[in-house]
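Take a walk through this model, one local feature at a time. Keep the sequence and the 3D view open as you read.

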Amino acid sequence: MADLKKWHELPIGGVIDKPATALAYKTGSWRVMRPIWHEDKCTSCMMCWLHCPDNSIVVKGGKMTGIDYEYCKGCGVCASVCPVKAIDMEPETKFLEEAE
Amino acid sequence: MVETKKLALTGAEAVANAMRQIAPDVVAAYPITPQTPIVEYFSKFVADGLVDTELIPVESEHSAMSAVVGAAAAGARAMTATSANGLALMHEIVYIAASLRLPIVMPVVNRALSGPINIHCDHSDTMAERDSGWVQFFVENAQEAYDLTLIGLKLAEHPDVQLPVMVNQDGFIISHGVEPVELLPDDMVRSFVGEREPVYSLLDVENPVTFGPLDLYDYYFEHKRQQIAAMEKVFEVFPKVVEEFEKISGRRYACVEAYRLDDAEHVMVALGSTCGTIKDVVDELREEGKKVGLLKLWMFRPFPKEQVQRYLYGRKSVVVLDRSASFGAEAPLYAEIKSALYESPTKPLIGSYIYGLGGREILPRHIRQAFEAAINGDLLADGQGYLGLRE
């Protein structure tokens, strides 16, 4: 936590004094289960985009293009609402093992 | 000095008048004995068009404090008032008001906390909030309740402080007792308190802010340290505010009041209305040649340790009177005084008496009894005495 501000450098009262600071808070590390998107099954119906609480469904030109793992907390709502089962939830440990 | 009005008022009416003169943007409150007359009087002022406050009658004290917190975060000047179980029901939001650094001023009319249920005076309600981060004043009479409400507001809103303030007055004894009270002219109060200049405001759309976000292990500790620093700042700001108040009112305040302490060997320490009775007993004992005096604390939080040390170092004995108990530990005021005297070069004998719980009468003979124990060297070191209890 060495790069965090000291007590006398912060706004009082826990107030956040500018908007959009959540961008700086990468919540992807909270994830236990990772959503895996299967492009071949996806119909870009936007159900996942509509339900994602962390704005982590990446859309370009009206098409679903992937998942933003920097912010995705792995809640699984996208997989649950997908009508064509184009998203699977896989344990993060699996990717940890693969990385090793 | 200007011409002021002296009226026969209860403590409740005096404080309601202070609120009328402050003219807060928002008052949210719920009735509870013995606080009720403060908001009754204030509601009448609003209904009569004497003050332009948004008065919100809420469904509970938890809601009252929540509404006031919301209003204060929006940048408004917001007040409420309560007693006893009402304060206890606010408890969660009392902490939040201090943590969000909202300068809310709340008259508290002290009453015993249930159970068993009791509507009369003791300090158990406010003592349960002593670690909440609020500045706490105690007053001896209706005049002080009025004055410290005005002083409290200016202190709370000072840019270096930004803390909420409780002004404690003893239930019924002060809140319902009629006394002569000098009210300052309305325009003088308006100019003394000025306009609130919020550090952050939810209504300032040019500078959007977030109040009350999640604050985890990486920042929460730093914000608590800021609250500790703000309490330390009170000792710098309060003397300036009371000096300014003295210029307009002629009445002098400090963290503590020293009554006949110059050559006193035996000093009683107390809070609230009982100090008036103690002063009478001090006068009687002085006539009998006894070197006794009183140290009254106007301020309990932050605890004015340096002033306490200045007045108590070198005394033969110190008698501390508490109108509340901390079950299984030393009484609140006694514990503070004893701790403040730890570094004293000569240790006075310190005695602790609990008195007046649930409105039990405290009589001059009880106070005399405690002073005599001090004079005779009979104080129970590390012991607990009781005044007015059937033992």
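T27(A) sits in the segment before β1 (33-37) of chain A. The model is predicted. T27(A) has a relative accessibility of 8%, so it counts as buried. What does T27(A) touch, leaving aside its neighbours within four places in sequence? Its contacts are E70(A), Y71(A), C72(A) and K73(A).

Stay in chain A for a backbone feature. N55(A) lies in the loop between α1 (47-51) and β2 (57-60) of chain A. Its phi is near 55°, a positive value in a residue other than glycine. Most residues other than glycine have a negative phi. N55(A) has 66% relative accessibility and therefore counts as exposed.

Now the cysteines. How many disulfides does the structure hold over all chains? The count is zero. C82(A) is in no disulfide, and the nearest cysteine sulfur, that of C45(A), is 6.0 Å away. A disulfide needs the two sulfur atoms within 2.5 Å. C82(A) is buried, with a relative accessible area of 13%. In chain B, C121(B) has its closest cysteine sulfur in C275(B), at 12 Å, which is too far for a bond. C121(B) is also buried, at 2% relative accessibility.

Move on to helix α2 (residues 36-47) of chain B. This helix has 12 residues. From first C-alpha to last, α2(B) reaches 16 Å, close to the 16 Å expected at 1.5 Å a residue. Which residues of α2(B) are buried? They are T36(B), P37(B), I38(B), V39(B), F42(B) and F45(B). An α-helix has 3.6 residues a turn, so residues three or four places apart point the same way. The cover over the buried residues of α2(B) includes α1 (11-22), β2 (26-29), β3 (54-57), β5 (105-110) and β7 of chain B. Just after α2(B) comes G49(B), with a positive phi of about 75°.

Two packed helices are described by the angle between their axes and the distance between the axes. For α6 (residues 142-157) and α7 (residues 186-193) of chain B, the angle is about 30° and the axes are 9 Å apart. Angles under 35 degrees count as roughly parallel, and α6(B) and α7(B) are therefore roughly parallel to each other. On the α6(B) side, the residues in contact are Y146(B), L150(B), I151(B), L153(B), K154(B) and E157(B). On the α7(B) side, they are V189(B), F192(B) and V193(B). By class, this contact of α6(B) with α7(B) has seven nonpolar, no polar and two charged residues.

Follow the chain out of α6(B). The loop between α6 and β7 (165-170) of chain B holds P159(B). P159(B) is exposed, with 63% relative accessibility. P159(B) and L271(B) are 112 residues apart in sequence, and their C-alpha atoms are 28 Å apart in space. Q162(B) is also placed in the loop between α6 and β7 of chain B. Is Q162(B) buried or exposed? Q162(B) is buried, at a relative accessible area of 3%. Its phi is near 50°, again a positive value in a residue other than glycine.

Next, look at strand β6 (residues 135-138) of chain B, where Q136(B) lies. Q136(B) is buried, with a relative accessible area of 0%. Leaving aside neighbours within four places in sequence, Q136(B) is in contact with T126(B), E129(B), R130(B), M166(B), N168(B), W298(B), M299(B), F300(B) and R301(B). Q309(B) is 173 residues from Q136(B) along the chain, and 19 Å separates their C-alpha atoms.

Most peptide bonds are trans. The bond from R301(B) to P302(B) is cis, with omega near -5°. P302(B) lies in the loop between β12 (299-301) and α10 (305-312) of chain B. The peptide bond from S114(B) to G115(B) is cis as well, with omega near 0°. G115(B) is placed in the loop between β5 and α5 (124-127) of chain B.

Methods
Residues numbered from 1 in each chain as written. Chains lettered and ligands numbered in written order. Predicted model: local features only at pLDDT ≥ 70, side-chain atom pairs only at ≥ 80, totals over all residues. Heavy atoms only, no water. Axes fitted to C-alpha atoms, helices over the stretch in contact; angles between N-to-C directions. Helix = DSSP H or I, 4+ residues; strand = E, 2+ residues; numbered from the N terminus. Parallel < 35°, antiparallel > 145°, perpendicular 65-115°, else oblique. Contact = heavy atoms within 4.5 Å. Nonpolar A, V, L, I, M, F, W, Y, C, P; charged D, E, K, R; others polar. Buried < 20%, exposed > 50% of the residue type's maximum accessible area, 1.4 Å probe, protein only. Expected span 1.5 Å × (residues − 1).
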